[in-house]
Structures are given as C-alpha cells and as structure tokens.
Amino acid sequence: TLLSLGGLDAQRPRVADSAGVRIVSQPPAKIISLSEAKPVFTVSGSEGRGESFFRIHGVEAIRGGFVVANAGAFQLHFYASNGVSRAVSGKKGGGPGEFQFLSFLQSFGLDSVASYDAQLRRMSVWNASGQHTRDLALNVGREQMVRGAFAAVPATTLGLLPDGAALFMGAVSMMPGVTPQRARGHIMKVEPRSMRRDTLASVFVIDYQPSDANGMRPYAFPRMFSRSIGRSGFSISEGQHYRIDNYSTEGKRISSFRVVREPRKVTDRDRKDWLSERPRETRAVAVVPKVFPAYTSLWHDEAGRLWAEHFRPPTSQKGAWDVFKADGVLIATVQTSSDVRLMAADDKQIYAVRTSGRDVETVRAYALPEAIRLAR
C-alpha cells in the first residue's frame with residue numbers, strides 16, 4: 001500500500017477566464033509517497049529476445065500494455081500490462097524499422113507509439129504488437145542562426161500531433177554581449193506533405209553568458225523547457241514558475257494550470273555542487289540561476305491526466321511529480337526515491353525507470369494510488 005504524507009489544503013482551486021484561456025490556480029495538494037511501495041513487477045529488457053536495458057529514452061503506456069525505448073540496444077520492447085513480453089522490435093541500421101539514434105518515444109492514438117530517430121530525422125509508428133506500420137521523414141527545422149549570432153542550438157523535433165502534423169522547436173540563436181541573456185525559441189507546427197509552417201508559441205529556452213573579460217567563452221544553462229503531446233493537443237512549461245500552458249492541436253492556447261509555490265532558491269552548496277560538474281574552463285563564466293526551474297518534464301497518462309516532474313536540485317534525495325486532472329485541478333504530488341523516475345501510467349499502474357548504483361536500468365510497475373485512479 002502507498003503511504004500518504006499529507007492532506008488536501010482546504011482552499012479550493014480558483015478558476016478564471018482570460019481572453020478565452022481557462023486559468024486554474026491552486027495551492028499544493030496532498031503528497032503520496034512511492035518510496036516504500038513494492039513494485040507489482042520488474043522487467044529488465046532481457047525478456048523474450050531483447051537485450052538488457054541501457055539508456056532508456058522513453059516509456060509509454062498503450063492499450064493493454066506499455067512500451068520501452070531501449071536506446072543503447074536500438075530496440076523497442078513491447079509488454080502486456082502484467083509485464084509479459086509481447087515483442088522486441090528494431091535494430092541498428094537505416095532501413096524501415098531500424099535506428100541510428102533512438103531519441104524519444106511518444107504515444108500516438110490509443111494503441112500505437114511513435115519513435116523518433118534524431119540521426120535519420122524520422123518518426124516511425126508502431127502498433128501494440130510491435131509491428132512497424134509507417135515512417136514519416138521530418139526534413140524540417142534546418143534554419144540557420146540569425147545574423148550577428150555567435151552560436152545556435154539546432155532545431156529540435158518535439159513529436160507528432162494527433163492530426164499527424166509535426167511539432168518542433170526552431171533553431172535558437174545566441175547573441176554577443178557581456179551580461180547574462182535569455183534566448184527565445186519558437187514552437188512550430190509543420191504539415192509534412194505541404195511543408196506549411198505555423199508558429200504556435202514563443203518560449204525562453206536558454207540562459208547564457210556569452211563572453212567574459214578574456215574573450216568569447218559561451219556557456220548556457222537550460223531553462224528546462226518541457227512538453228508533452230496528448231490526444232487533443234500539447235502542453236508546455238518553462239522557467240521558474242509552476243505553470244503549464246495547454247494548446248489545442250491547431251495551436252490555440254486553451255488553458256493554464258498553476259500551483260501557488262515559491263520557487264526554490266539556489267543555495268551556496270547547490271551552486272558549488274553544480275559548478276563542480278562543469279569543465280574547469282567554463283566555471284568562471286557559467287550562468288548559475290538564483291532559483292531553480294520548476295518542472296523538468298511533462299507527460300500525459302493513458303487517461304488524459306498530466307504529470308509534471310519537479311526539477312531535482314543536485315542535493316535532492318527524492319523526486320516529485322504534480323498530477324493534474326484534464327480540467328487542471330491538482331490531484332496530488334507523487335514522491336519517489338532519487339533513483340526512481342516515473343515515466344508513464346495507465347488506469348491501474350505507474351511505470352517507472354529505476355537506475356541502480358552501477359547504472360543498471362530496470363522498469364518497475366507500481367499500483368496507481370486510488371486518489372489518482374479515481375480522478376478524471
């Protein structure tokens with residue numbers, strides 16, 4: 001059974017409308033801990049004819065089971081909801097159903113998943129039986145840096161929208177200067193057949209320090225932009241505020257989910273730990289924020305609920321996810337130990353990746369807490 005560590009705040013969510021956008025603001029909700037919970041089952045990747053998990057780049061729940069992207073072995077592992085292996089698909093290569101770099105996985109419809117290969121710039125769609133059904137080449141987002149910039153982050157594919165269009169982040173340019181700056185990126189929708197592009201949203205992607213007294217030595221600190229594509233649109237978050245903006249498939253902002261929390265301040269110890277991981281030549285110019293980002297990843301579960309992972313400071317011993325109903329009401333915050341990361345959920349189970357001290361990865365299934373299971 002799961003251990004409850006708190007109770008619901010008596011204050012109810014406040015709902016407002018701003019230019020047609022539904023805004024839901026609320027206090028933190030109850031905390032549910034999975035730290036002492038026993039998994040329903042554990043899989044290692046060696047089931048069937050698969051190779052052991054190495055660099056898991058995604059887990060997705062689909063009807064009757066779940067799928068694991070095992071990037072280190074260029075494979076997709078398909079399981080039934082009881083952990084029994086259904087199929088293992090994919091291998092290294094450039095042909096249909098093969099991978100050069102398995103970047104991420106997303107659900108696509110009720111019983112399919114789409115995988116993205118950043119090297120081949122290709123989305124591949126697979127059914128629940130592990131059969132490769134089609135490929136979609138995404139030769140989009142090759143914009144050059146703007147004039148006068150000294151560096152740029154290449155365009156990034158974000159996934160497939162429910163209508164089959166591609167979502168991507170355009171190239172992000174960094175400009176010269178002597179003070180810390182923020183680079184803005186544009187989220188775009190591309191129709192693969194016509195190559196028509198529509199800009200849907202603009203977000204800050206990177207904080208950076210472009211130069212110091214000794215010359216140009218750039219160093220960037222990501223602002224933790226994250227996204228998730230659901231069955232009716234997509235959600236994004238950025239920066240230090242506990243806010244998630246939701247968009248329709250057409251790119252119209254329809255709602256904003258907000259939790260009233262103070263951003264966590266960066267302490268001297270946090271700063272020291274973070275800088276100790278940087279190359280020596282970048283430490284003098286590294287941009288260390290005054291507060292940590294709020295969320296580091298988003299994902300929708302099979303029932304349409306939205307899960308938002310809290311950013312983990314270097315000294316953190318636990319992980320935490322806010323879980324929202326589709327209408328924006330915060331159901332609970334789920335906590336785990338620091339070696340467990342929640343990746344997907346269906347109506348009965350949460351699927352999590354556990355990394356041991358030797359970097360050995362396994363996927364665990366936990367019973368979905370009743371408070372979340374009953375919330376729609």
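Two rings of Phe, Tyr or Trp (for Trp, the six-membered ring) form a pair if their centres lie within 6.5 Å; planes under 30 degrees apart count as stacked, over 60 as edge-to-face and the rest as tilted. Ring pairs of this kind link Phe 41, Phe 66, Tyr 79 and Tyr 351 into a cluster. The count comes to 10 aromatic pairs.

A word on the source: this is a predicted model, in which local features need pLDDT of at least 70 and side-chain atom pairs count only at pLDDT 80 or more, while totals for chains, interfaces and linings use all residues. Residues are numbered from 1 along each chain as its sequence is written, and side-chain values use heavy atoms, with hydrogens and water left out.

One of the pairs is worth a visit. Phe 234 and Tyr 247 are stacked, at 5.0 Å centre to centre with 5° between the planes. Phe 234 belongs to strand β22 (residues 233–237) and Tyr 247 to strand β23 (residues 243–248), 13 residues apart; strands here are DSSP runs of E, at least two residues long, numbered from the N terminus. Both Phe 234 and Tyr 247 are buried, that is, under 20% relative accessible area, where over 50% is exposed and in between is partly exposed (1.4 Å probe, protein chains only).

Next come charges over rings, meaning NZ of Lys or CZ of Arg within 6 Å of the ring centre and within 35 degrees of the ring normal.

| Charge | Ring | Distance to ring centre |
|---|---|---|
| Arg 227 | Phe 104 | 4.9 Å |
| Arg 261 | Tyr 242 | 4.9 Å |

Finally, a backbone detail: Ala 19, in the loop between β2 (14–18) and β3 (21–26), has a positive phi near 55°. Ala 19 is exposed, with a relative accessible area of 79%.

Technical notes. Helices (H or I, at least four residues) and strands (E, at least two) are DSSP runs, numbered from the N terminus.
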